[in-house]
Amino acid sequence: MTAISSPERRAASAAPSPVSRRKIRRDMRSERRAGWVMAAPAVLLLLAFLIVPVVLGFVLSFTNARLISPEPTSFTGFDNFVRAFTADPTFFRSLLNTFAFAAVVVPVQAGLGLVLAILVNQKIRGAVAFRVIFFIPVVTSIVVVSILWKFLYQPDGLINSFLDSITFGAWQGTAWLNNPSTALAAIIVLSVWQAVGFHMLIWLSGLQTIPGELYEAARIDGAGTWRQFRDVTWPGLRPTRVFVLITITIAALGLFVQIDVMTQGGPVDSTSTLVYHAVRMGYRQQQIGYGSALSLVFFVLVLIVALVQRFLTRDKD
């Protein structure tokens with residue numbers, strides 16, 4: 001009879017029995033089922049409100065679907081896209097307004113947010129109160145803010161009254177939202193004022209991650225305020241810069257609520273944006289197929305802009 005060595009005996013005793021293996025497999029299946037049950041609500045919501053609408057919008061963009069129509073929906077190929085680029089002047093005006101809005105809002109809002117973040121990052125009395133004041137417009141509903149600013153922009157509103165007072169009657173006032181040359185600029189001022197507090201906090205969080213020892217070393221080397229910002233603050237804010245740039249750009253390209261509440265795309269399409277035009281064509285004029293095509297064009301444009309920004313701000317090391 002062959003004797004079993006001590007290592008073999010320990011290995012045999014450590015190996016799980018068939019009953020133990022079945023119990024382990026049963027426990028693993030139970031954990032997987034519990035995981036799927038807990039993830040099911042989020043998965044269903046993503047399917048219902050993200051995946052299905054995206055797929056449906058993509059399919060409808062190649063059809064002549066209408067919201068209410070006795071005619072059956074039929075496949076039209078690229079007719080909706082050809083119409084957008086060749087027979088819809090409002091589309092080009094909306095595209096131009098969208099990029100003009102983003103071209104102004106992105107640098108102004110990012111720069112102003114950085115300035116405010118540097119100011120409230122100082123160890124001075126009342127800095128916390130200023131942070132709260134600057135952030136209040138962010139937590140206020142954009143619909144409410146748009147309605148309030150619509151009253152401010154009226155010919156007899158507070159803005160014109162204030163300008164009339166400080167110019168001693170020389171300013172006659174203007175209908176800011178009814179003038180094609182000032183309507184988009186008025187929307188830009190409102191949008192920057194409303195959202196700058198959010199990006200101020202993002203910049204502030206980035207500033208507070210920069211070690212104070214770097215500023216001390218810069219001061220020892222004789223660096224002034226500008227050199228400290230150029231050599232310490234700006235390089236240390238690189239990840240924050242990328243995040244702020246991408247988020248502001250995407251939000252600016254998706255401008256809709258302010259336009260819908262304040263101008264409805266007017267006057268003479270001077271404030272119409274690509275998102276607003278797509279919603280107007282899809283729901284108000286009930287051209288679901290054409291509105292879906294405009295939404296698909298908007299998606300591609302945003303994707304291209306985001307990829308270009310990501311390429312330009314990539315880590316080159």
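1. Helices are DSSP runs of H or I of at least four residues, numbered from the N terminus.

2. Before going on, please note that this is a predicted model, in which local features need pLDDT of at least 70 and side-chain atom pairs count only at pLDDT 80 or more, while totals for chains, interfaces and linings use all residues. Residues are numbered from 1 along each chain as its sequence is written, and side-chain values use heavy atoms, leaving out hydrogens and water.

3. Helix 13 spans residues 274-284 and is largely enclosed by the rest of the structure, because eight of its eleven residues are buried. Those residues are Leu274, Val275, Tyr276, His277, Ala278, Arg280, Met281 and Gly282. After helix 13 comes glutamine 286, which has a positive phi, near 60 degrees.

4. Now look at helix 6 (residues 142-152), where Val145, Ser146 and Trp149 are buried. They lie on the same side of helix 6, because they cover an arc of only 100 degrees around the axis (the arc of the directions from the helix axis to the C-beta atoms). The buried residues of helix 6 pack against helix 5 (127-139), helix 7 (158-166), helix 8 (183-207) and helix 12 (257-262), where contact means heavy atoms within 4.5 Å.

5. Finally, find arginine 314 in the segment after helix 14 (288-312). Arginine 314 counts as partly exposed because its relative accessibility is 32%. Between arginine 314 and arginine 238 there are 76 residues in sequence and 9.9 Å in space, C-alpha to C-alpha.

Note on methods: Helix = DSSP H or I, 4+ residues; strand = E, 2+ residues; numbered from the N terminus. Buried < 20%, exposed > 50% of the residue type's maximum accessible area, 1.4 Å probe, protein only.
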